[in-house]
Amino acid sequence: MKFKLKYAFLLPLLFSMSANAQEIRGELNKEVKRQEKISYILDYPQNAKGKNVPLIVFLHGSGERGTNLEIVKAHSPFTYKNLIKEPVAILAPQCPENMWWDTVTIYNLIKEIQSKYKVDASRIYLTGLSMGGWGTLKLAMEHPEMFAAVVSVCAPTDRVMYANIDQYKKLNMKIFHGGMDDVVLPENALNFYQALHPINPTAELTIFPNDNHNSWDSTYSNPKLYEWMLSKRKDK
């Protein structure tokens with residue numbers, strides 16, 4: 001009984017605090033402007049003859065970040081242009097130093113390229129390796145309506161992709177990884193594919209058993225990859 005009396009004086013104070021509390025509900029509705037700046041290389045075919053051409057968007061890995069634009073072509077479809085049997089444009093932006101891909105900026109860059117050049121909107125393809133593979137999966141998740149085919153190579157994955165796995169449902173997708181990759185473990189590809197396959201049974205996973213992190217060489221040197229990619233069209 002003494003215990004109850006000892007703390008009885010707190011009850012009026014608690015009721016007073018509750019009565020003085022104010023619950024405020026509202027909505028922020030404000031236009032926020034942002035500046036977007038990114039360097040890129042666009043390889044546009046001279047023999048397009050005025051026609052709309054397919055566009056391959058390539059996102060490089062972390063080693064090609066910075067200001068030396070020439071290095072974005074390393075380890076990429078640029079190296080194997082001779083394997084591509086029809087005129088295509090290849091777009092390779094460069095991620096700034098110490099940053100990861102800003103997929104909002106990449107999306108807006110693609111739209112800008114579409115407005116300036118003759119691009120076949122039904123044949124836009126997205127691919128990237130390592131950090132760029134992560135950017136590929138992220139951008140494809142955010143804008144699946146844009147891409148006719150998506151190819152990720154030795155890509156890290158994250159929880160947001162798993163939480164939004166249905167976004168990949170209608171995409172033509174190929175996933176490549178090295179079985180001996182000790183930089184981005186192959187479990188990234190295996191676990192993601194296990195989540196993806198039930199909602200997108202046509203998606204394909206290829207593990208190169210003897211490749212380490214450089215599985216991009218085995219991926220981009222295969223002419224059948226470009227044949228498959230360019231055979232896909234996005235329904236309008």
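The buried residues of helix 8 are covered by, among others, strand 2 (53–59), strand 4 (119–129), strand 5 (149–153), strand 6 (173–178) and helix 7 (215–220). Contact here means heavy atoms within 4.5 Å, and helices (H or I, at least four residues) and strands (E, at least two) are DSSP runs numbered from the N terminus. A quick word on the model: it is predicted, so local features need pLDDT of at least 70 and side-chain atom pairs count only at pLDDT 80 or more, while totals for chains, interfaces and linings use all residues. Residues are numbered from 1 along each chain as its sequence is written, and side-chain values use heavy atoms, with hydrogens and water left out.

Back to helix 8, which spans residues 223–230: Leu225, Tyr226, Trp228, Met229 and Leu230 are buried. Buried is under 20% relative accessible area, exposed is over 50%, and partly exposed is in between (1.4 Å probe, protein chains only). Where the helix starts, Asn222 brings a side-chain oxygen to within 3.0 Å of the backbone nitrogen of Lys224. Further along, Trp228 has the charged end of Lys174 over its ring, 4.7 Å from the centre. To count as sitting over a ring, NZ of Lys or CZ of Arg must be within 6 Å of the ring centre and within 35 degrees of the ring normal.

Now for the aromatics. Rings of Phe, Tyr and Trp (its six-membered ring) pair if their centres lie within 6.5 Å; planes under 30 degrees apart are stacked, over 60 edge-to-face, and the rest tilted. That rule gives 6 aromatic pairs.

Phe58 belongs to strand 2 and Tyr220 to helix 7, so their pair ties together parts that are 162 residues apart in sequence. Both of these residues, Phe58 and Tyr220, are buried. The tryptophan pair also links distant parts of the chain, 34 residues apart: Trp100 is in the loop between strand 3 (89–94) and helix 3 (103–116), and Trp134 is in helix 4 (residues 131–142). Trp100 is partly exposed at 46% relative accessibility, whereas Trp134 is buried at 13%. Elsewhere, Tyr162, Tyr168 and Phe192 make up one aromatic cluster.

On a 1 Å grid over the protein atoms alone, a cavity is a set of points where a 1.4 Å probe fits but cannot get out, and lining residues have an atom within 4 Å of a point. The lining includes Leu137, Ser152, Cys154, His177 and Phe192, with strand 6 and helix 6 (187–196) each supplying at least two residues.

Cys154 is worth a look too: this non-glycine residue has a positive phi of about 40 degrees. Cys154 is in the loop between strand 5 and helix 5 (159–163) and is buried, with 0% relative accessible area. Among the residues that touch Cys154 is His213, which is in the loop between strand 7 (204–208) and helix 7. His213 is buried as well, at 13%, and its side chain makes a 2.9 Å polar contact with that of Ser130. A polar contact is a pair of N or O atoms within 3.5 Å; within protein, one must be able to donate a hydrogen and the other to accept it, and residues adjacent in sequence count only if both atoms are side-chain atoms.

Key
On a 1 Å grid over the protein atoms alone, a cavity is a set of points where a 1.4 Å probe fits but cannot get out, and a pocket is an open set with protein on both sides within 12 Å along at least five of seven lines; lining residues have an atom within 4 Å of a point. Lists of a residue's contacts leave out its neighbours within four places in sequence.
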